[in-house]
Each structure stands twice: as C-alpha cells, then as structure tokens.
Amino acid sequence: MDRTFTVEEARALMPVLLERADAFVTMRGELAELAYELRTTGTSEAGGLAEAKAYEARLEEILGWFEERGIEVKGVAPLLVDFPAVLDGMRVRLCWLEGDRDLAWYHRDELGFAGRRPLP
C-alpha cells in the first residue's frame, strides 16, 4: 500500500500504535528469554518450541497490523516505524522509535534515520 499520511492522521494512530508496540516489545523480550533458555539448557519454564512459534506468530501479526495501514516497519530491535508523508512539498518519513511516547520526528526520504529532525 502506497499511503501518504498527514501529521494529524499519523498522530491519530498513535494510541493504538503504542498499544501494539508495547505488546510487541513485551513479546519480543519473552521470546528472547525463551529462546535463550532453550538454546543453553534445552528447557524453559516458559515452554518449548510450540510456545516459541506462538510468540513468533503473534509478533508477525503485530507487524502485519503496521504494514496493513501503510506504516513502514524499518526495524524490530528497537522497533522503528515510518509514516510516508509530505512536509512543505518534500517527501519525508514521520519517524517513530521504540521508547517515544508521541510522534515528534521526521526525516527526508533520502536521508533515513541519520537525518532525523524534530517535527516543526
């Protein structure tokens, strides 16, 4: 989906985005712990391969929620998403990074994360 967001449209999605992101971060951590225990000791109180696969499926489901709405997932550890947008006639990405509690950054398409700036 080639969607372009306004700042207002992207910010309107933030409450649900934050819920999904928080769930993703929690599950990502639980999966990491489970995988580590299974790799190092062969067992885990959190479960086994079936539970690991369930975490992976849920993580993919959450990522799909972003993508279905035209939000680009750029990274998963930390979770980084971009909203395609236009500011002052220039194509940009409204940029949200795990830990942010609001949408306050953008970068020009061609600069990526290194060109991240506060929204005007």
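**Reading a predicted fold: salt bridges, sheet and helices**

Modeller: Buried means under 20% relative accessible area, exposed means over 50%, and partly exposed lies in between, using a 1.4 Å probe and protein chains only. The model is predicted, so local features need pLDDT of at least 70 and side-chain atom pairs count only at pLDDT 80 or more, whereas totals for chains, interfaces and linings use all residues. Residues are numbered from 1 along each chain as its sequence is written, and side-chain values use heavy atoms, with hydrogens and water left out.

Colleague: How do I read a salt bridge, and which residue forms one with Arg-93?

Modeller: A salt bridge is a side-chain nitrogen of Lys or Arg within 4 Å of a carboxyl oxygen of Asp or Glu, and by this rule the count comes to 11. The partner of Arg-93 is Glu-72, with the closest N and O atoms 2.8 Å apart. Glu-72 lies in strand β1 and Arg-93 in strand β3 (residues 90-97), so the pair ties together parts that are 21 residues apart in sequence. Strands here are DSSP runs of E with at least two residues, helices are runs of H or I with at least four, and both are numbered from the N terminus.

Colleague: Which other residue forms a salt bridge with Glu-72, and is Glu-72 itself buried or partly exposed?

Modeller: Lys-74 also forms a salt bridge with Glu-72, at 3.3 Å between the closest N and O atoms. Glu-72 counts as partly exposed at 21% relative accessibility, and Lys-74 is likewise placed in the partly exposed class, at 48%.

Colleague: Which residues are linked in a network of salt bridges?

Modeller: Glu-72, Lys-74, Arg-91, Arg-93 and Asp-109 are linked in such a network. Within it, the side chains of Asp-109 and Arg-91 meet at 3.7 Å, N to O. This pair links distant parts of the chain, with Asp-109 in the loop between β4 (105-108) and β5 (117-118) and Arg-91 in strand β3, 18 residues apart. Asp-109 is partly exposed, with a relative accessible area of 30%, and Arg-91 is partly exposed at 41%.

Colleague: Where is Arg-116 placed, and which side chain does Arg-116 join through a polar contact?

Modeller: Arg-116 sits in the loop between β4 and β5 and is buried, with a relative accessible area of 18%. A polar contact is a pair of N or O atoms within 3.5 Å; within protein, one must be able to donate a hydrogen and the other to accept it, and residues adjacent in sequence count only if both atoms are side-chain atoms. Here the side chains of Arg-116 and Asp-100 are joined by one of 2.8 Å. Contact in general means heavy atoms within 4.5 Å, and, not counting residues up to four places away in sequence, the residues that Arg-116 touches include Cys-95, Trp-96, Trp-105 and His-107.

Colleague: What is the order of the strands in the sheet?

Modeller: Two strands pair if DSSP finds at least two bridges between them. The sheet is open and has 5 strands in the order β1-β2-β3-β4-β5, with antiparallel pairing. β1 and β5 stand at the edges, each with a single partner strand, so one side of each is left without a neighbour in the sheet. Between β1 and β2 there are 4 bridges, a hairpin of 2 residues joins these strands, and Gly-75 has Leu-80 in β2 as its bridge partner. β2 and β3 are joined by 8 bridges, and Leu-87 stands opposite Met-90 in β3.

Colleague: Which strands does α2 touch, and what covers the buried residues of α3?

Modeller: For such angles, axes are lines fitted to C-alpha atoms, for helices over the stretch in contact, and values run from 0 to 180 degrees between N-to-C directions. α2 packs on the sheet, touching β1, β2 and β3, and its direction makes about 155 degrees with that of β2. α3 lies across β1 and β2, running at about 145 degrees to β1. The buried residues of α3 include Leu-59, Ile-62, Trp-65 and Phe-66, and what covers the buried residues includes α2 (14-40), β1 (72-76) and β2 (79-87). Just after α3, Gly-70 takes a positive phi of about 85 degrees.
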